[in-house]
Amino acid sequence: MKKILILILGLLFSFSIRAQNSVKIDLDNDGIIDVVSLITSDEGYHIEFLVSSQGTKVQKTEIITYGGQENTLTVDKNVVIINSQFMRAENYFKFRFDKKLKEVILIGFDTVQYGMATNNGSGKSSYNLLTGKYKANWNHFNESKNKLEPLPEISKKTRIILFRLSDFSDKIIDALDQI
């Protein structure tokens with residue numbers, strides 16, 4: 001009976017969690033490996049992370065519903081990158097451990113838009129949350145010329161915003177999309 005119950009629970013668990021993508025990295029540079037995991041479920045995805053200098057409690061974000069099922073987690077130097085893919089766009093959320101705050105924070109947000117069938121509205125943008133610098137290059141399809149044309153580059157200084165990985169959510173993604 002116990003084996004059947006364990007089998008049923010295992011099957012239920014395997015259906016509710018579709019994928020797990022983990023990276024091991026020394027985020028806080030204390031010589032102890034930390035773990036960050038992106039866990040996809042039927043509801044969306046969430047991030048679980050354990051940073052050694054923050055104790056032994058695993059931290060977890062809310063369920064994030066934005067993005068498709070093709071979310072990935074990678075590391076570049078000491079930055080954890082969440083790539084969230086949509087049908088016609090990709091978002092890249094870049095996180096790094098901040099020594100002063102002793103928290104993992106969002107330091108960058110890049111987006112690539114593919115636009116409609118004519119690529120109208122396509123382009124990319126980059127927002128550095130440490131400096132407040134925002135840069136974007138968008139395209140417009142000129143119907144009279146039947147040609148995709150670049151719009152003037154947008155480069156501006158915006159306010160510096162602090163977002164912690166532990167607070168990462170759909171609400172934060174909405175705020176980033178408004179910049």
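Buried means under 20% relative accessible area, exposed means over 50%, and partly exposed lies in between, with a 1.4 Å probe and protein chains only. This is a predicted model, in which local features need pLDDT of at least 70, side-chain atom pairs count only at pLDDT 80 or more, and totals for chains, interfaces and linings use all residues. Residues are numbered from 1 along each chain as its sequence is written, and side-chain values use heavy atoms, with hydrogens and water left out.

Start at Ser37. Its relative accessible area is 6%, so Ser37 is buried. Ser37 belongs to strand β2, residues 34-41. Strands (E, at least two residues) and helices (H or I, at least four) are DSSP runs, numbered from the N terminus. The side chain of Ser37 reaches the side chain of Ser22 in a polar contact of 2.5 Å. A polar contact is a pair of N or O atoms within 3.5 Å; within protein, one must be able to donate a hydrogen and the other to accept it, and residues adjacent in sequence count only if both atoms are side-chain atoms.

Now move to His46. It sits in strand β3, residues 44-50. His46 has 8% relative accessibility and therefore counts as buried. Its side chain makes a polar contact of 3.0 Å with that of Glu48. Which residues does His46 contact, leaving aside neighbours within four places in sequence? They are Ser37, Leu38, Ile39, Lys60, Thr61, Glu62 and Ile63. Contact here means heavy atoms within 4.5 Å.

Next come the charged pairs. Side chains of opposite charge can pair when their charged atoms come close. A salt bridge is a side-chain nitrogen of Lys or Arg within 4 Å of a carboxyl oxygen of Asp or Glu. The structure holds 3 salt bridges. One of them joins Lys94 and Asp110, at 2.8 Å from N to O. This pair links distant parts of the chain: Lys94 is in strand β7 (residues 89-98), Asp110 is in strand β8 (residues 103-113), and they are 16 residues apart. Lys94 is partly exposed at 25% relative accessible area. Asp110 is buried at 17% relative accessibility.

Arg164 forms a salt bridge with Glu103, and their closest N and O atoms are 3.8 Å apart. This pair too links distant parts of the chain, 61 residues apart: Arg164 is in the loop between β12 (154-157) and α2 (170-177), and Glu103 is in strand β8. Arg164 has 28% relative accessibility, so it counts as partly exposed. Lys145 and Glu149 meet in a salt bridge of 3.5 Å, N to O. Lys145 is exposed, at 56% relative accessibility.

Finish with β10 and its partners. Two strands pair if DSSP finds at least two bridges between them. Strand β9 (residues 123-128) pairs with strand β10 (residues 133-142) in the antiparallel sense over 5 bridges. Ser125 has Ala136 of β10 as its bridge partner. The hairpin of β9 and β10 has 4 residues between the strands, and Gly132 takes a positive phi near 85° there.

β10 also runs antiparallel to β12, joined by 4 bridges. Here Ala136 stands opposite Ile154. With strand β11 (residues 147-150), β10 pairs in the antiparallel sense over 4 bridges. Asn142 stands opposite Lys147 of β11. In the hairpin of β10 and β11, 4 residues lie between the strands, and Asn146 takes a positive phi near 50°.
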